[in-house]
Amino acid sequence: MESMTRGGTRWKRFALVMVPSVAATAAIGVSLAQGALAASFAVSGQEFKVTAGYLDGHGFAQYGGVDMGYKDLKGDEKVAHPVAVSSFQNAEITDMCQSVVTDVPFLGKITMRLTAGDKGTPVKADKLYLDVSDLGAGKAKFTNIDIGVAAKDTDGGRGGKGPAVKDKTVLPNGFAQQAERAELTKVEQTAWATTAGTFELSGLHMGLKRGSGAGVECY
């Protein structure tokens, strides 16, 4: 593992920096108690998987949050899901895959799988927010990274490097990190929600497959 420098930082495992620290976890607990929401809508009762061969993001920020959503696929009960919100002013994604598995009566498990950005033109997004519960990468490089900044100060409108804090109920003085640029390879994440100002998917393809697991889902 390379030593950390302000100009550029590399980790062999993305999770070493992207999973919130103990301080961030404590902030998530307080947010739960206050009913803070990271997503601006009630998330579904299913997480989904996303992979990317390469993500090149500018204006990066991350902080703890909470998504309120349905407990499962039946009923109206809602529960709170702690998440790490990763946001980018803009990003390009190569070889993107998104998959979700649903149990269909009489048919069993059916996986809906979407791919894009795998034919020479990357997926493009601005004001991108990823609400993730688990994330890893083969390699990550951050340029001019700040770890331990207050969440409210990651807002580009306040002189920070990232987009506006996704939800104003996120603890403004809670733990966060930001960087001018984040380059990630072989990304694998499990998420509750993704939102973006614009999301341009080149070479889009969506298909349904029976079953789940390796070879059917994105990973």
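Guide: The largest pocket holds about 430 Å³ of space. A pocket here is an open set of points on a 1 Å grid over the protein atoms alone, where a 1.4 Å probe fits, with protein on both sides within 12 Å along at least five of seven lines; lining residues have an atom within 4 Å of a point. The volume is the space filled by probe spheres set on those points, joined across faces, edges and corners. Keep in mind that this is a predicted model, where local features need pLDDT of at least 70 and side-chain atom pairs count only at pLDDT 80 or more, while totals for chains, interfaces and linings use all residues. Residues are numbered from 1 along each chain as its sequence is written, and side-chain values use heavy atoms, with hydrogens and water left out.

So who's in there? The lining has 28 residues, and F48, V50, Q98, Q189 and T194 sit closest to the pocket's centre. By class, 20 are nonpolar, eight are polar and none is charged; Ala, Val, Leu, Ile, Met, Phe, Trp, Tyr, Cys and Pro count as nonpolar, Asp, Glu, Lys and Arg as charged, and the others, Gly among them, as polar.

As for where they come from, β2, β3, β4, β5 and β7 each give two or more residues to the lining, and β3 has the largest share, with seven. These belong to a chain with two helices and nine strands (DSSP runs numbered from the N terminus: H or I of at least four residues, E of at least two).
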